[in-house]
Amino acid sequence: ECRSGEVVRVSAEACETLQAFLRAPFDASRRYNGIAEISAVASLARRNFLGHELKSQRVLAEVLQESTVDSRQSAADEKRSTVDSRQSTGHRDNYEV
């Protein structure tokens, strides 16, 4: 879903290097080929994922904001209801509402 549909082809050397990274710990003494290609693919994947993630964050922020507004409204309504019921029954406490 995060992928925009494009196919990225890499050289056999880049593919071999990527497989070596996935199979074993990084070997600093080994010379890896295709690093620039792998970096380009990683950048593309990161950019596509972050775009999707930012969109999700905006949606989540909107939902949370609406939820916060709704809960504040509910709390205010409940407080108003409590005050109204106390006034109608003549019940008074030693504190102000």
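Modeller: Let's settle one term before we start: rings of Phe, Tyr and Trp count as a pair if their centres lie within 6.5 Å. Keep in mind, too, that this is a predicted model.

Biologist: Fine by me. How many aromatic pairs does a search of the whole structure find?

Modeller: The 6.5 Å limit between ring centres decides what gets counted. F21 and F26 make it in, with 6.2 Å centre to centre. Over the whole structure, the search comes back with three aromatic pairs.

Biologist: How are the planes of F21 and F26 arranged in their aromatic pair?

Modeller: Planes under 30 degrees apart would be stacked and those over 60 edge-to-face, with the rest called tilted. For F21 and F26 the angle between the planes is 45°. That makes the F21 and F26 pair tilted.

Biologist: And what are the distance and angle for the rings of F21 and Y32?

Modeller: F21 lies in helix α1 and Y32 in the loop between α1 and α2, so this pair ties together parts that are eleven residues apart in sequence. The pair is tilted as well. The ring centres are 4.8 Å apart and the planes stand at 55°.

Biologist: Is Y32 buried or exposed?

Modeller: Buried means under 20% relative accessible area, and exposed means over 50%. F26 sits at 59%, so F26 is exposed, while F21 has 30% and is partly exposed. F21, F26 and Y32 form one aromatic cluster. Within it, Y32 has 13% relative accessibility and therefore counts as buried.

Biologist: Which residues form the nonpolar patch on the surface?

Modeller: Together the patch residues have about 510 Å² of accessible area. Helix α1, residues 12-23, supplies the largest share, three residues. L22 lies in that helix and counts as exposed because its relative accessibility is 70%.

Biologist: Now for charge. Which side chains meet in a salt bridge?

Modeller: The count comes to one salt bridge. The N to O distance is 3.7 Å, which falls within the 4 Å cut-off. The two side chains are E16 and R30.

Biologist: How many residues apart in sequence are the parts that E16 and R30 tie together?

Modeller: E16 lies in helix α1. R30 lies in the loop between α1 and α2, so the pair ties the helix to the loop. The separation in sequence is 14 residues.

Biologist: How far apart in space are C15 and G34?

Modeller: C15 has its place in helix α1 and is partly exposed, with a relative accessible area of 35%. In sequence, C15 and G34 are 19 residues apart. In space, going C-alpha to C-alpha, the distance is 7.7 Å.

Biologist: Zooming out, what share of the 97 residues counts as buried?

Modeller: The chain's secondary structure is two helices and zero strands. Its accessible surface comes to about 8,400 Å², with 53% of that belonging to carbon and sulfur atoms. Counting residues under 20% relative accessible area as buried, the share of the 97 residues is 6%.

Terms used. Residues are numbered from 1 along each chain as its sequence is written. This is a predicted model: local features need pLDDT of at least 70, side-chain atom pairs count only at pLDDT 80 or more; totals for chains, interfaces and linings use all residues. Side-chain values use heavy atoms; hydrogens and water are left out. Patches are made of residues with over 30% relative accessible area and no salt bridge: like charges are joined within 9 Å, nonpolar side chains (Val, Leu, Ile, Met, Phe, Trp, Tyr) within 5 Å. Accessible areas come from the Shrake-Rupley method with a 1.4 Å probe; for residues, only the protein chains shown count as cover. Helices (H or I, at least four residues) and strands (E, at least two) are DSSP runs, numbered from the N terminus. Buried means under 20% relative accessible area, exposed over 50%, partly exposed in between (1.4 Å probe, protein chains only). Rings of Phe, Tyr and Trp (its six-membered ring) pair if their centres lie within 6.5 Å; planes under 30 degrees apart count as stacked, over 60 as edge-to-face and the rest as tilted.
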